[in-house]
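Please read this note with the sequence and the structure side by side. It goes through a few places worth checking by eye.

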Amino acid sequence: IESVHPISPAHLQKAFILIILSFMFFMAMLIIFSLRQNIGYFLLATAFLIIQLLTLFGWMSQRKKILRLHENGFTLGKQTCLFSDIEKMSANRISKNFGGIKNEYRITKTTGERIFVPEMIHEVSLVFDKIEQKTLRK
């Protein structure tokens with residue numbers, strides 16, 4: 001293994017903050033509901049609980065996405081690709097209505113299989129450049 005690239009700490013931190021805030025609001029709405037007995041507070045508490053659970057599930061599943069560079073290929077999660085199998089690589093900037101600009105890194109293998117490298121990977125642009133350099137050397 002040449003290098004290991006997990007999810008960026010900034011992305012993990014954002015998700016963790018969202019989990020903590022949604023839990024705090026969930027608890028606050030439950031306390032207010034128990035004091036005032038208004039169903040609106042219970043519905044708000046339920047919404048914050050759903051947000052917390054979905055974020056926690058996403059956070060736990062994304063933590064396992066690790067890109068490992070090897071001498072002759074790489075692995076991303078359970079996907080494996082040799083540098084000799086890469087047919088095309090593209091990095092696109094996509095403008096979204098909400099959320100600003102998103103970078104999309106796509107690798108197409110000779111078999112037609114596509115591998116999307118998430119921009120959450122730590123130093124993804126540098127890793128993508130390394131893969132491109134090794135692909136050109138094959």
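The points below take up a helix, a hairpin and a histidine in this predicted model.

1. Start with helix H1, which covers residues 9-36. Its 28 residues reach 40 Å from the first C-alpha to the last, close to the 40 Å expected at 1.5 Å a residue. Just after H1, Gln37 takes a positive phi of about 55°.

2. Next, look at the buried side of this helix. Ala15, Ile19, Ser22, Phe26 and Met29 are buried in H1. An α-helix has 3.6 residues a turn, so residues three or four places apart point the same way. The cover over the buried residues of H1 includes helix H2, residues 39-62.

3. Turn to strands E6 (residues 101-109) and E7, which pair in the antiparallel sense over 4 bridges. The two form a hairpin with 4 residues between them, and Gly112 in the turn has a positive phi of about 95°.

4. Opposite Phe116 of E7 stands Arg106.

5. Finally, consider His5, which lies in strand E1 (residues 3-5). Why does His5 count as buried? Because its relative accessibility is 8%, and buried means under 20%. Beyond its neighbours within four places in sequence, His5 is in contact with several residues, among them Leu67, Ile121, Val127 and Lys130. The side chains of His5 and Ser3 are joined by a polar contact of 3.0 Å.

Key:
Residues numbered from 1 in each chain as written. Predicted model: local features only at pLDDT ≥ 70, side-chain atom pairs only at ≥ 80, totals over all residues. Heavy atoms only, no water. Pairing = 2+ DSSP bridges. Expected span 1.5 Å × (residues − 1). Buried < 20%, exposed > 50% of the residue type's maximum accessible area, 1.4 Å probe, protein only. Contact = heavy atoms within 4.5 Å. Polar contact = N/O pair within 3.5 Å; in protein donor to acceptor, adjacent residues only side chain to side chain.
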